[in-house]
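Hi there,

Here is the structure I promised to pass on.

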Amino acid sequence: FYASTPNEPLAGLAKTLFNETAKVPSFANVFPELDHNELQGFDGHAPELLERLVAVFIEDPADDARIKRRSALTRSLLEGRGVRTAGIALPEGSRADAFIALWQTARIAARSLAATAGVNSDATPLIEDFKRRL
């Protein structure tokens with residue numbers, strides 16, 4: 001999940017929902033920092049891995065034009081390397097509106113992914129096993 005720095009908490013929330021609900025590895029980062037290091041990880045020697053990834057861009061109409069340009073360019077470069085991309089458009093308005101919209105969208109998507117994979121979205125067996133062993 002990629003977002004502008006002001007939307008870092010939203011990217012983190014989406015990441016957490018996908019980790020715990022859909023049971024898939026998920027990561028979050030922010031512009032411009034991700035273009036200084038993380039981007040290089042996609043210059044792939046592992047095209048079979050890149051084909052399995054989906055980079056989700058959190059799009060905020062309030063973002064600075066320079067961040068919007070970075071986001072569009074990053075998305076284009078990733079797609080050119082075989083990475084699927086998607087966008088979550090935040091509504092104009094308050095931060096609360098943005099939070100609720102992102103939470104609902106990510107929660108529905110994570111639950112749908114879990115259902116498609118036949119995974120119980122509410123269970124956390126690995127976390128429970130970890131706690132027992134701790």
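What follows is a short tour of the salt bridges.

Please keep in mind that this is a predicted model. Searching the whole structure turned up 9 salt bridges, and here are some of them.

Let me start with R70 and D35, whose side chains form a salt bridge with an N to O distance of 3.2 Å. R70 sits in helix α3 (residues 65-80), while D35 belongs to the loop between β2 (29-31) and α2 (47-50), so this pair ties together parts that are 35 residues apart in sequence. R70 is partly exposed, at 31% relative accessibility. D35 has 19% relative accessibility and counts as buried, because the cut-off for buried is under 20%.

Next, have a look at R133 and D129. Their side chains meet in a salt bridge at 3.1 Å, N to O. Both residues are in helix α5 (residues 125-133), and being 4 residues apart there puts about one helical turn between them. R133 is exposed, with a relative accessibility of 68%, whereas D129 is partly exposed at 22%.

R66 and D64 also pair up, with 3.0 Å from N to O in their salt bridge. Here R66 counts as exposed, with 64% relative accessibility, and D64 as partly exposed, with 36%.

Finally, there is a group to pick out on your screen: E59, R75 and E79 are joined in a network of salt bridges.

Happy to go through any of this with you.

Best wishes

Terms used:
Residues are numbered from 1 along each chain as its sequence is written. This is a predicted model: local features need pLDDT of at least 70, side-chain atom pairs count only at pLDDT 80 or more; totals for chains, interfaces and linings use all residues. Side-chain values use heavy atoms; hydrogens and water are left out. A salt bridge is a side-chain nitrogen of Lys or Arg within 4 Å of a carboxyl oxygen of Asp or Glu. Helices (H or I, at least four residues) and strands (E, at least two) are DSSP runs, numbered from the N terminus. Buried means under 20% relative accessible area, exposed over 50%, partly exposed in between (1.4 Å probe, protein chains only).
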